[in-house]
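Q: Please take a close look at one part of this protein. I would like its salt bridges followed residue by residue.

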Amino acid sequence: MTITGKTDVGRVRSSNQDAFAYTEFGGDNFCAVVCDGMGGHVGGSVASETAIAAFQKQMSMAEEASLKERNIESLLVSSVIRANEAVFSRSIVEPSLKGMGTTIVTVFSYEGKNYVAHVGDSRAYFFDGENIVRLTKDHSVVQEMIDKGEITEEEAANHPYKHVITRVLGIDSEVSVEISEIDLSSPGKLLLCSDGLYNMLSDRLLEEFLRLDVDVVDLCDLLVAAANERGGNDNITVVVAEI
């Protein structure tokens, strides 16, 4: 297993409000996380960086030797909740940061147990060598409209409300975390990303890039460059793991 990530300001924004991190536990064990902040020029970057730091600190409290005995699902949820508390608390203490928030998407893989958790519209995908599968469902207004049959996926791509999310870290003292167990048993590529990537590249195009026989560092570079070539309308963040 190899993993890396990259973040880029894009071609329109004046600052980068995304953040990412990953930790390897030896062998094929790892945890990766991407956050996309919001809340003004400063607030967004503070929110994403605060969330990443709190998330990693909470995760690190579980010693590797005891991970097998712990409820990994519970650990992952508690780490996201801690990230929410950290962002919310900081926004209360520092008035200039009031209203800041961030999305989060994370994948944790340990000894054959694999989970994805998220809040907001940052996404996780898995490419199994044949097809790309989206592992998360956006917490957004347009996703709710898709679920109700009011619009199609194609219509959602250009909908005026496509950036309106319905769940976010840091806005309230409590947050609902969506988590599910996923299958990473077959060889493939895992992709975590902010909306600055997938709003520029369709799932079909993402699949074409994931098919390329290149290492993960080059793949991250190619994905970011492609998003910028198509406009770079937002910050772009990707983490890729080759399973």
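Which residue forms a salt bridge with Lys137, and how far apart are the closest N and O atoms?

A: Asp147 forms that salt bridge, with the closest N and O atoms 3.5 Å apart. A salt bridge here is a side-chain nitrogen of Lys or Arg within 4 Å of a carboxyl oxygen of Asp or Glu. The pair links distant parts of the chain, ten residues apart: Asp147 sits in helix 4, Lys137 in the loop between strand 8 and helix 4. Helices (H or I, at least four residues) and strands (E, at least two) are DSSP runs, numbered from the N terminus.

Some ground rules first. The model is predicted: local features need pLDDT of at least 70, side-chain atom pairs count only at pLDDT 80 or more, and totals for chains, interfaces and linings use all residues. Residues are numbered from 1 along each chain as its sequence is written, and side-chain values use heavy atoms, leaving out hydrogens and water.

Now the accessibility of the pair. Asp147 is partly exposed, with a relative accessible area of 46%. Lys137 is also partly exposed, at 40%. The cut-offs are under 20% for buried and over 50% for exposed, with partly exposed in between (1.4 Å probe, protein chains only).

The loop that holds Lys137 also holds Asp138. The side chain of Asp138 meets that of Arg123 in a salt bridge (2.7 Å, N to O). Arg123 lies in strand 7, 15 residues from Asp138, and this pair too links distant parts of the chain. Asp138 is buried, at 9% relative accessibility. Arg123 is buried as well, at 8%. Salt bridges with shared partners join Arg123, Arg134, Asp138, Glu153 and Asp203 into one network.

Ser140 lies in the loop between strand 8 and helix 4 (141–147). Ser140 is buried, with a relative accessible area of 2%. Leaving aside residues up to four places away in sequence, Ser140 touches Val164, Ile165 and Thr166. Contact means heavy atoms within 4.5 Å.

Elsewhere, the whole structure holds eleven salt bridges. One of them joins the side chains of Arg13 and Asp234 (3.2 Å, N to O). Arg13 lies in the loop between strand 1 (2–8) and strand 2 (18–26) and Asp234 in the loop between helix 8 and strand 11 (236–242), so the pair ties together parts 221 residues apart in sequence. Arg13 is partly exposed, at 46% relative accessibility. Asp234 is buried, at 13%.
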